[in-house]
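Trainee: I am new to this structure. Please walk me through how to read it, one feature at a time.

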Amino acid sequence: MINQEKKWIPRNEALLLDLLHIVIGVLVVICAVLAFLDPEDNQILFPVIFWLAGLLNGVSGWYKLKNSGRSKKKKAGGIALLMMGAALAALGVISIISIGRLP
């Protein structure tokens, strides 16, 4: 039998993206509930929420950009998602800096 390489099927990428959305979505909801139940003790969760949202937007933007082909609208959407992910990651950094300055 000839050793055949398995190719990465785009449907598998879409499945992984969906699973990532589910896992990060559940983590964000858990972090948000904990952060709003006791904001004084769980204030570190706010930057974590921003970073998870930034990660999700970044991965979604990368996927959309990778699979855009020649469509300028899809490329623009992917770039917008990447920029939003970077903005959310920066907001997480600003949040952690502001938390560090609190007494």
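Mentor: Start with Glu13. Glu13 is buried, at a relative accessible area of 14%. Buried means under 20% relative accessible area, exposed means over 50%, and partly exposed lies in between (1.4 Å probe, protein chains only).

Trainee: What does Glu13 form a salt bridge with?

Mentor: First the general idea. Side chains of opposite charge can pair when their charged atoms come close. A salt bridge here is a side-chain nitrogen of Lys or Arg within 4 Å of a carboxyl oxygen of Asp or Glu. In this case Glu13 pairs with Lys66, with the closest N and O atoms 2.5 Å apart. The pair links distant parts of the chain: Glu13 sits in helix 1 and Lys66 in helix 2, 53 residues apart. Lys66 counts as partly exposed, at 41% relative accessibility. By this rule the count comes to one salt bridge.

Trainee: Where do the numbers come from, and how far can I trust the model?

Mentor: This is a predicted model, in which local features need pLDDT of at least 70, side-chain atom pairs count only at pLDDT 80 or more, and totals for chains, interfaces and linings use all residues. Residues are numbered from 1 along each chain as its sequence is written, and side-chain values use heavy atoms, leaving out hydrogens and water. pLDDT is the predictor's confidence in each residue, from 0 to 100. The protein chain averages 88, and 88% of the residues score at least 70. Among the elements, helix 2 has the highest mean pLDDT (94) and helix 1 the lowest (91).

Trainee: How many helices and strands does the protein chain have?

Mentor: Helices (H or I, at least four residues) and strands (E, at least two) are DSSP runs, numbered from the N terminus. The protein chain has three helices and zero strands. Of its 103 residues, 23% count as buried.

Trainee: What should helix 2 span?

Mentor: The expected span is 1.5 Å times one less than the number of residues. Helix 2 covers residues 45–66, so its 22 residues should span 32 Å. Its end C-alpha atoms are 31 Å apart, which agrees. Its buried residues include Leu45, Pro47, Asn57, Gly58 and Gly61.

Trainee: Which residues is Leu82 in contact with?

Mentor: Contact means heavy atoms within 4.5 Å. Leu82 lies in helix 3. Leaving aside neighbours within four places in sequence, Leu82 touches Asn57, Gly58, Gly61, Trp62 and Leu65. Leu82 counts as partly exposed, at 33% relative accessibility.

Trainee: Is Ser95 buried or exposed?

Mentor: Ser95 is buried, with a relative accessible area of 11%. Ser95 belongs to helix 3, residues 72–100. Under the same exclusion of neighbours within four places, Ser95 contacts Phe46, Pro47 and Phe50.

Trainee: Which residues make the nonpolar surface patch?

Mentor: Patches are made of residues with over 30% relative accessible area and no salt bridge; like charges are joined within 9 Å, nonpolar side chains (Val, Leu, Ile, Met, Phe, Trp, Tyr) within 5 Å. Accessible areas come from the Shrake-Rupley method with a 1.4 Å probe; for residues, only the protein chains shown count as cover. Here Leu15, Leu16, Leu19, Ile22, Val26, Val29, Ile30, Val33, Leu34 and Leu37 make a patch of about 940 Å². Val29 is in helix 1, residues 10–37.
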